[in-house]
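I opened this entry to keep track of what I looked up, residue by residue.

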Amino acid sequence: MGARAKNSAPAQTGSPANEGVGVVRPRMPPLKALLAFEAASRHGSFAQGADELGVTPSAVSHQIQQLEAFLGVRLFQRHAGRAILTSAGRTYAKEIEHAVSVISEATTLVAPQSQSGHLVIASGPSFAAKWLQPRLPDFLRANPGVRVRLSTISTADDLESSRFDIAIAYGSPPASQRHVEPLLVERLRPLCSPVLAAALNLQSPKDLARATLIHSVNALTWVDYLRRVDAGEVRPNNELWLDRSTMAIEAAVDGLGVVLESEILAAEELSDGRLVAPFGDHAHTVEATSYFLVRSAGSRGGTQIAAFEKWLRAAIATANLTIRS
């Protein structure tokens, strides 16, 4: 049995009649004293620990004396200004270092922006996976001092609750965000595997009645698309609904049906021939401003944000996509 489990206080107290009524929290040492001990033990010096915490060495010494009194053991041996951990101190430092690491990781998970020095970028999962992430190494090579944390957002609510420096939002522009501007025009058209296009003899949108239509979450529904290209009502042979563009594109590659998707996300599959646009002319392509740049009102690191924006616009131009500003 591990030391922490072995030395844990009983989870409950009282008679069986009171079982589950109250929970006794194990007695905790003063948190300021723990932080002082962790800093001093890591640096091997009260003075350097004090510099990190922004207090005086005497304050650190006082906090550690409080901690030693609480624990009933000596944690440091003091020798002419040097602080040397005792055997008990080394054991305790190792455990406290682990606990601080767990707290730090939990904080970063919930509030990644709290991690100093990171540029926190939020994006829809499909755009992040299919377009942004493969290109990020170029940004990192051009900006070696910038540490990036990429997180995903699926809905407008995610955008409201997530912490970020800059976000690439998809769909309608977020109404409650103050720093929003159009970023990217999306061109949507039917896509499918070349084998399926030949098998169904797809010549015009009306031929989609012979196909399975794959639905994904994007700026245009099949109904809207067919109306925009004056195809009238089409009753497909079958329908498949998927909640990620990445899944919908893969389903189309596998020949499951025809997907209405963006050339932004399906660029690789179109380039290598796994997908084709059976109605490839401009009349059967619909454009929509679907991507928006969102800056957090409380974001830090303006230089990093500016560098990322400059790189992003250049990467969009390199990909021959239409940018809106």
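Entry 1. I note that the model is predicted. Is Val-259 buried or exposed? Its relative accessible area is 0%, so Val-259 counts as buried, the cut-off being under 20%. I then listed its contacts, leaving out residues up to four places away in sequence. Among them are Arg-189, Pro-190, Leu-191, Ile-214 and Trp-222. I also checked a distance: the C-alpha atoms of Val-259 and Ile-249 are 6.9 Å apart, and 10 residues separate the two along the chain.

Entry 2. I moved on to His-284, which sits in the loop between α11 (267-271) and β10 (286-295). His-284 has a relative accessible area of 16%. That value is under 20%, so His-284 is buried. Beyond its neighbours within four places in sequence, I found His-284 in contact with Leu-188, Arg-189, Pro-190, Pro-205, Tyr-225, Val-229 and Phe-279.

Entry 3. I looked up the largest nonpolar core, which has 34 residues. Which residues touch the most other members? They are Phe-127, Trp-131, Leu-132, Phe-308 and Leu-312. Elements giving two or more residues to this core include β3 (118-123), α6 (125-142) and α12 (302-318). The largest share, 6 residues, comes from α12.

Entry 4. I found a second, separate core of 20 residues, with Leu-188, Leu-208, Leu-220 and Leu-226 among them.

How values were computed: Residues numbered from 1 in each chain as written. Predicted model: local features only at pLDDT ≥ 70, side-chain atom pairs only at ≥ 80, totals over all residues. Heavy atoms only, no water. Buried < 20%, exposed > 50% of the residue type's maximum accessible area, 1.4 Å probe, protein only. Contact = heavy atoms within 4.5 Å. Helix = DSSP H or I, 4+ residues; strand = E, 2+ residues; numbered from the N terminus. Core = buried A, V, L, I, M, F, W, Y, C linked by side-chain atoms within 4.5 Å.
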